[in-house]
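Here is a short report on one structure. Look over the sequence and the model before reading on.

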Amino acid sequence: MELRHLRTFHVVAECLNLTKAAEMLRYTQPTISLQIQALEKDIGHTLLNRVGKRTFLTPTGKLLKKHTDKLFQDLEELEQDLRRLEKPYGNLSIAAPEFYCSYYLSQLLSIYIKLHPQVQMKLLCYNSKETVKLVDSNKADLGIIAGTCNRPGIEEILIDQEDLVLVAHPLMVKSRGSAAELFEEYPFITYDIDGVIKECLDEIKCKPTSTIECGSEEAIKRAVMSQTGIALISDVIIDKEVKQGNLQVLHRFPNRLLTHLIYPKDQRDDSTVSSFIDVVLDVWPTFRA
């Protein structure tokens with residue numbers, strides 16, 4: 001069986017009109033008839049019946065159409081996948097915590113769109129845990145997270161290392177003094193109590209008496225500035241407020257928070273995904289220069 005004969009049959013079976021099929025395929029009607037006859041000879045069964053001016057599929061024709069539907073759908077998907085390898089196009093969704101979205105990704109997306117205007121971008125603002133889930137479930141193409149994800153199907157690229165700092169409002173520090181005393185009186189505001197956060201607290205031998213979980217690093221910073229509690233947060237996020245005297249650093253933990261770019265391992269060769277990775281690796285270091 002020749003693929004061109006199958007394609008001709010597929011179009012005829014869709015419209016059940018030889019004249020219309022000839023127009024769609026840009027063949028003459030006799031050519032259509034000859035290709036259908038050649039296919040029938042290969043198969044050994046009649047595919048079409050004509051009653052008056054109407055064309056009908058035989059039982060064999062219906063069976064063959066069922067398979068050509070799958071065949072040409074698969075071929076279309078193959079062509080789309082091959083086009084994706086040629087140049088970036090289509091949709092690209094990026095998930096990341098609020099801080100990364102506000103301070104880094106807004107600039108990154110602007111640079112990327114100028115390079116690849118044919119790509120439609122979507123920015124999803126979620127905390128690091130939810131970002132990992134989105135990438136793992138293919139609801140986001142890439143993600144940027146604080147920490148690591150350790151998922152077997154996800155690739156991680158280290159793009160930054162940040163200092164974690166324990167901070168409080170200066171008035172809270174003035175009234176209490178030590179970090180241990182602050183932990184006794186005020187809640188610990190955090191997006192996570194496990195992993196690197198727990199390691200840092202264990203290092204200074206401090207255990208929160210109460211915690212407030214918050215999904216946004218920006219919201220954590222604002223809560224500390226309003227004297228709601230104390231927090232362990234990236235120095236990048238609170239650098240401005242510390243310099244202005246609105247927040248006070250109680251303890252600094254050097255190079256504890258790793259920032260990773262994550263994506264499904266099977267998407268590394270996708271031109272749209274790989275092109276965004278290239279932009280991140282080129283541009284991200286300039287943010288801390």
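Which handedness does the crossing of α5 and α12 have? The crossing of α5 and α12 is right-handed, meaning that the near helix is turned clockwise from the far one by less than a right angle.

## Basis

This is a predicted model, where local features need pLDDT of at least 70, side-chain atom pairs count only at pLDDT 80 or more, and totals for chains, interfaces and linings use all residues. Residues are numbered from 1 along each chain as its sequence is written, and side-chain values use heavy atoms, without hydrogens and water.

## Helices α5 and α12

Helix α5 spans residues 98-115 and helix α12 spans residues 271-287. Their axes come within 10 Å and cross at roughly 125°.

Residues of α5, including Y100, Y104 and L108, meet residues of α12, including F276, V280 and W284. The residues of this contact (heavy atoms within 4.5 Å) divide into 14 nonpolar, 3 polar and no charged.

## Two residues of helix α4

K65 lies in helix α4. K65 counts as buried, at 18% relative accessibility (buried means under 20%). Its side chain makes a polar contact with the side chain of E14, at 3.1 Å (a pair of N or O atoms within 3.5 Å, one able to donate a hydrogen and the other to accept it). Beyond its neighbours within four places in sequence, K65 is in contact with F9, A13, E14 and L57.

L71 is also found in helix α4, residues 59-86. L71 counts as partly exposed, at 31% relative accessibility (between 20% and 50%). Leaving aside neighbours within four places in sequence, L71 is in contact with L3 and L6. L71 and L3 are 68 residues apart along the chain, with their C-alpha atoms separated by 10.0 Å.

Definitions and conventions
Axes fitted to C-alpha atoms, helices over the stretch in contact; angles between N-to-C directions. Helix = DSSP H or I, 4+ residues; strand = E, 2+ residues; numbered from the N terminus. Nonpolar A, V, L, I, M, F, W, Y, C, P; charged D, E, K, R; others polar. Buried < 20%, exposed > 50% of the residue type's maximum accessible area, 1.4 Å probe, protein only.
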